[in-house]
Amino acid sequence: MVNEGMKWRLGNGNSLKILNRPWLSSLDNPCITFPQISSMENLFLSDLIDHGKCEWKRDRIQSLFDAEISNKILQLPLLNIDMEDKLI
(Lines give C-alpha, C1' and ligand atoms only; values in the text may rest on other atoms or scores of the structure.)
Protein backbone atom coordinates (compact mmCIF):
# COMPACT_ATOMS: atom_id res chain seq x y z
CA MET A 1 0.00 0.00 0.00
CA VAL A 2 1.35 3.41 -0.94
CA ASN A 3 0.42 6.21 1.45
CA GLU A 4 -0.46 9.64 0.12
CA GLY A 5 2.60 11.88 0.08
CA MET A 6 5.05 9.03 -0.47
CA LYS A 7 7.31 9.21 -3.48
CA TRP A 8 10.01 7.18 -5.16
CA ARG A 9 13.71 7.82 -4.77
CA LEU A 10 15.37 7.01 -8.05
CA GLY A 11 18.09 4.41 -7.99
CA ASN A 12 18.73 2.20 -11.03
CA GLY A 13 15.25 2.79 -12.44
CA ASN A 14 14.46 -0.92 -12.76
CA SER A 15 11.41 -0.75 -10.46
CA LEU A 16 9.80 2.44 -11.71
CA LYS A 17 7.51 2.50 -14.67
CA ILE A 18 7.60 5.87 -16.39
CA LEU A 19 3.85 6.37 -16.45
CA ASN A 20 1.55 6.81 -13.46
CA ARG A 21 4.17 6.59 -10.70
CA PRO A 22 5.06 9.54 -8.40
CA TRP A 23 8.74 9.85 -9.22
CA LEU A 24 9.01 13.34 -10.74
CA SER A 25 8.41 15.42 -7.61
CA SER A 26 9.35 18.76 -9.20
CA LEU A 27 6.05 18.88 -11.11
CA ASP A 28 2.66 19.86 -9.66
CA ASN A 29 1.60 16.29 -10.43
CA PRO A 30 4.58 13.97 -9.77
CA CYS A 31 2.98 11.22 -11.87
CA ILE A 32 3.54 11.48 -15.59
CA THR A 33 0.27 10.62 -17.29
CA PHE A 34 -0.53 10.41 -20.96
CA PRO A 35 -3.31 8.90 -22.98
CA GLN A 36 -2.53 5.23 -23.37
CA ILE A 37 0.52 5.09 -25.60
CA SER A 38 1.34 1.43 -26.13
CA SER A 39 5.03 2.12 -26.71
CA MET A 40 5.35 3.74 -23.26
CA GLU A 41 3.19 1.64 -21.00
CA ASN A 42 5.93 -0.93 -20.36
CA LEU A 43 8.88 1.47 -20.18
CA PHE A 44 10.84 1.79 -16.96
CA LEU A 45 13.01 4.69 -15.89
CA SER A 46 16.01 2.44 -16.48
CA ASP A 47 15.13 2.67 -20.19
CA LEU A 48 15.96 6.38 -20.00
CA ILE A 49 19.35 5.93 -18.30
CA ASP A 50 22.69 5.14 -19.93
CA HIS A 51 24.06 3.06 -17.06
CA GLY A 52 27.56 2.82 -18.57
CA LYS A 53 27.94 6.60 -18.68
CA CYS A 54 25.79 7.31 -15.60
CA GLU A 55 23.71 9.85 -17.49
CA TRP A 56 20.27 10.33 -18.95
CA LYS A 57 19.57 9.31 -22.54
CA ARG A 58 18.84 12.90 -23.58
CA ASP A 59 17.74 12.16 -27.16
CA ARG A 60 15.32 9.45 -26.05
CA ILE A 61 13.81 11.61 -23.31
CA GLN A 62 13.36 14.56 -25.64
CA SER A 63 11.70 12.33 -28.24
CA LEU A 64 9.17 10.98 -25.69
CA PHE A 65 8.24 14.04 -23.64
CA ASP A 66 7.44 17.70 -24.10
CA ALA A 67 10.08 20.32 -23.23
CA GLU A 68 8.85 20.93 -19.67
CA ILE A 69 8.89 17.28 -18.63
CA SER A 70 12.14 16.58 -20.52
CA ASN A 71 13.88 19.42 -18.71
CA LYS A 72 12.61 18.24 -15.31
CA ILE A 73 13.86 14.71 -15.98
CA LEU A 74 17.25 15.88 -17.26
CA GLN A 75 17.71 18.01 -14.14
CA LEU A 76 17.39 14.98 -11.86
CA PRO A 77 20.80 13.86 -10.63
CA LEU A 78 21.71 10.23 -11.17
CA LEU A 79 23.49 9.55 -7.91
CA ASN A 80 22.34 6.07 -6.94
CA ILE A 81 22.19 4.02 -10.15
CA ASP A 82 23.85 1.07 -8.41
CA MET A 83 21.03 0.98 -5.83
CA GLU A 84 17.42 -0.18 -6.09
CA ASP A 85 14.63 2.39 -6.36
CA LYS A 86 13.03 3.07 -2.99
CA LEU A 87 9.65 4.30 -1.84
CA ILE A 88 10.15 7.03 0.77
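This is a short chat about the predicted model shown above.

Visitor: What elements does the protein have?
Guide: The protein has two helices and four strands. From the N terminus on, they run β-β-β-α-α-β.

Visitor: How much of the protein is buried?
Guide: Buried residues make up 32% of its 88 residues.

Visitor: And what share of the contacts joins residues 24 or more positions apart?
Guide: Such pairs account for 57%, counting contacts with a separation of 6 or more.

Visitor: Let's go inside. How many residues are in the largest nonpolar core?
Guide: That core has 19 residues. Those with the most contacts inside it are I18, W23, L45, W56, I61, F65 and I73.

Visitor: Which element gives the largest share of this core?
Guide: Helix α2, residues 67-75, does, with three residues.

Visitor: Staying in helix α2, is S70 buried or exposed?
Guide: S70 lies in helix α2. S70 is buried, with a relative accessible area of 2%.

Visitor: What does S70 touch?
Guide: Not counting residues up to four places away in sequence, S70 touches I61, Q62 and F65.

Visitor: New topic. How much space lies in the largest pocket?
Guide: About 250 Å³.

Visitor: Which residues are closest to its centre?
Guide: Of the 12 residues that line the pocket, those are W8, R9, L10, L76 and P77.

Visitor: What is the lining like by class?
Guide: Eight of the lining residues are nonpolar, two are polar and two are charged.

Visitor: What does R9 touch?
Guide: Leaving out residues up to four places away in sequence, R9 touches N80, M83, D85, K86 and I88. Take K86: R9 and K86 are 77 residues apart along the chain, yet their C-alpha atoms are separated by 5.1 Å.

Visitor: I88 is on that list. Where does I88 sit?
Guide: I88 is in the segment after β4, which covers 86-87. At a relative accessible area of 45%, I88 is partly exposed.

Visitor: And which residues is I88 in contact with?
Guide: M6, K7 and R9, leaving aside neighbours within four places in sequence. I88 and W8 are 80 residues apart along the chain, with C-alpha atoms separated by 5.9 Å.

Visitor: Now N12. Where is it, and is it buried or exposed?
Guide: N12 is in the loop between β1 (8-9) and β2. N12 is buried, with a relative accessible area of 6%.

Visitor: Why does 6% count as buried?
Guide: Because buried means under 20% relative accessible area, and N12 has 6%.

Visitor: What does the side chain of N12 reach?
Guide: The side chain of N12 reaches the backbone nitrogen of N14 at 2.9 Å. Beyond its neighbours within four places in sequence, N12 is in contact with S46, I49, H51, N80, I81, M83, E84 and D85.

Visitor: On to β2. What about D50?
Guide: D50 is found in strand β2. At 23% relative accessibility, D50 counts as partly exposed.

Visitor: Which backbone nitrogen lies 3.1 Å from its side chain?
Guide: That of G52, which lies 3.1 Å from a polar atom of the D50 side chain.

Visitor: What else does D50 touch?
Guide: D50 touches E55 and K57, not counting residues up to four places away in sequence. D50 and I81 are 31 residues apart in sequence and 9.9 Å apart in space, C-alpha to C-alpha.

Visitor: Then E55. Which strand?
Guide: E55 is found in strand β3. E55 is partly exposed, at 39% relative accessibility.

Visitor: And its contacts?
Guide: Leaving aside neighbours within four places in sequence, E55 is in contact with L48, I49, D50 and L78. The C-alpha atoms of E55 and L79 are separated by 9.6 Å, and the two are 24 residues apart along the chain.

Visitor: Last one, C54. What is its phi?
Guide: Phi of C54 is near 55°, a positive value in a residue other than glycine.

Visitor: Where is C54?
Guide: C54 is in the loop between β2 (49-50) and β3 (55-56). C54 is partly exposed, with a relative accessible area of 38%.

Methods
Residues numbered from 1 in each chain as written. Predicted model: local features only at pLDDT ≥ 70, side-chain atom pairs only at ≥ 80, totals over all residues. Heavy atoms only, no water. Core = buried A, V, L, I, M, F, W, Y, C linked by side-chain atoms within 4.5 Å. Buried < 20%, exposed > 50% of the residue type's maximum accessible area, 1.4 Å probe, protein only. 1 Å grid on protein atoms, 1.4 Å probe; cavity = no way out; pocket = protein on both sides within 12 Å on 5 of 7 lines; lining within 4 Å. Points joined across faces, edges and corners; volume = space filled by probe spheres on them. Nonpolar A, V, L, I, M, F, W, Y, C, P; charged D, E, K, R; others polar. Polar contact = N/O pair within 3.5 Å; in protein donor to acceptor, adjacent residues only side chain to side chain. Contact = heavy atoms within 4.5 Å.
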